[in-house]
Amino acid sequence: MIPAPFDYVAADSGPHAIELLATHGDDAKVLAGGHSLLPMMKLRLAAPAVLIDIGRAAGLAGIVVDGEELVIGATTRHADLASSALVRADAPLLAHAASLVGDPQIRHRGTIGGSLAHADPAADLPMALVALGGSVELTSPEGTRRIVAEDFFVGYFETALQDGELLTAVRVPRRPGVRWGYEKFVRRANDWAIVGAAAIDGRIALANMGPVPLRARAAEQARAAGATNADAAALAAQGTSPGEDIHADRAFREHLARVLTRRVLEQIS
Ligand SMILES: Cc1cc2nc3c(=O)[nH]c(=O)nc-3n(C[C@H](O)[C@H](O)[C@H](O)COP(=O)(O)OP(=O)(O)OC[C@H]3O[C@@H](n4cnc5c(N)ncnc54)[C@H](O)[C@@H]3O)c2cc1C
């Protein structure tokens, strides 16, 4: 459980981090809260030669309103999302999701940018962002591009981030007063979802039902066409491809997707 040797450099700001990424290229990895990267390094599943620490980089943390969206800096911690009056008012689904990540220690170190860039299909914030129809901003020396959450997650622990790009901000539509639902099935309080479901605005997202957070489109379409919650939820596992592990086989995950989808639909009805 000892990582391979690495060099460490702290970025002063977002632009400094992007400059350091350009300098060190493929050898470097960004370090945010370290709660996913450091375990991977200790298991030698990752062995970057250089860590670029953005944890204290100026200008990368914070939550502001920009018209109809909240703009959340990449190094905003889960605990700050969960307790932010702005997020609780304008995107309560996201605040709730953040409040369920791990335990207090993890929520005080882990960041939204780190969670999204890590792209664990069982994680809370990727599913929440897909449900909310949010997007991310990716910045490189060439400029900033914006990509919607569903296109950002491209495979198992794989995103659309290109070499040299830093995830700098997350954009979330403001939905004050809109009903939402959130369910996470776990064996222990600080675990990742065995299966998760989130719903808002007629959109339903699922965690751990495939290599990326998925939309339950058949259930969404049935509900839009007037099906009951139970009938719509019965379609929740259509089009999914859940894996199997010690916690659940495929059939159990499909069952959980149907049950949790019915619950989140009841929460928004
Ligand atoms: C015991 C335990 C329980 C947990 N439980 C949960 C849970 O219930 N739900 C859940 O969702 N998560 C859970 N997590 C994961 C936690 O949310 C992590 O904090 C999060 O996944 C990673 O965020 P981080 O800031 O720590 O990122 P890091 O570990 O620092 O980085 C993760 C990856 O993202 C890259 N990265 C980080 N920031 C950026 C950026 N701005 N731009 C580009 N790349 C970047 C890094 O290079 C690395 O590859 C748990 C973790 C632990 C250790």
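**The ligand shell and an open sheet**

In this predicted model, the shell around the ligand draws at least two residues from each of three elements: β2 (28-31), α7 (112-118) and β10 (166-173). Of the elements, α7 gives the most, contributing five residues to that shell. In total, 32 residues surround the ligand, and the closest are Val30, Gly34, Leu37, Thr111 and Asp124. As for where the ligand sits, the space it takes is the largest pocket.

For His35, a backbone N or O atom lies 2.8 Å from an oxygen atom of the ligand. His78 takes part through its side chain, where an N or O atom is 3.1 Å from a ligand oxygen atom. At Gly102, a polar backbone atom is 3.1 Å from an oxygen atom of the ligand. Taken alone, the ligand exposes 970 Å², and the protein buries 90% of that.

Turning to the strands, the model contains an open sheet of four strands in the order β11-β12-β13-β14, with antiparallel pairing. Its edges are formed by β11 (180-185) and β14 (214-215), each of which pairs on one side only. Strand β13 (residues 203-207) pairs with β14 in the antiparallel sense over two bridges. Leu206 has its bridge partner in β14, namely Leu214.

Technical notes: Residues numbered from 1 in each chain as written. Predicted model: local features only at pLDDT ≥ 70, side-chain atom pairs only at ≥ 80, totals over all residues. Heavy atoms only, no water. Near = heavy atom within 4 Å. Polar contact = N/O pair within 3.5 Å; in protein donor to acceptor, adjacent residues only side chain to side chain. Areas by Shrake-Rupley, 256 points an atom, 1.4 Å probe, with all protein chains shown as cover. 1 Å grid on protein atoms, 1.4 Å probe; cavity = no way out; pocket = protein on both sides within 12 Å on 5 of 7 lines; lining within 4 Å. Sits in = over half its atoms within 2 Å of the grid points. Pairing = 2+ DSSP bridges.
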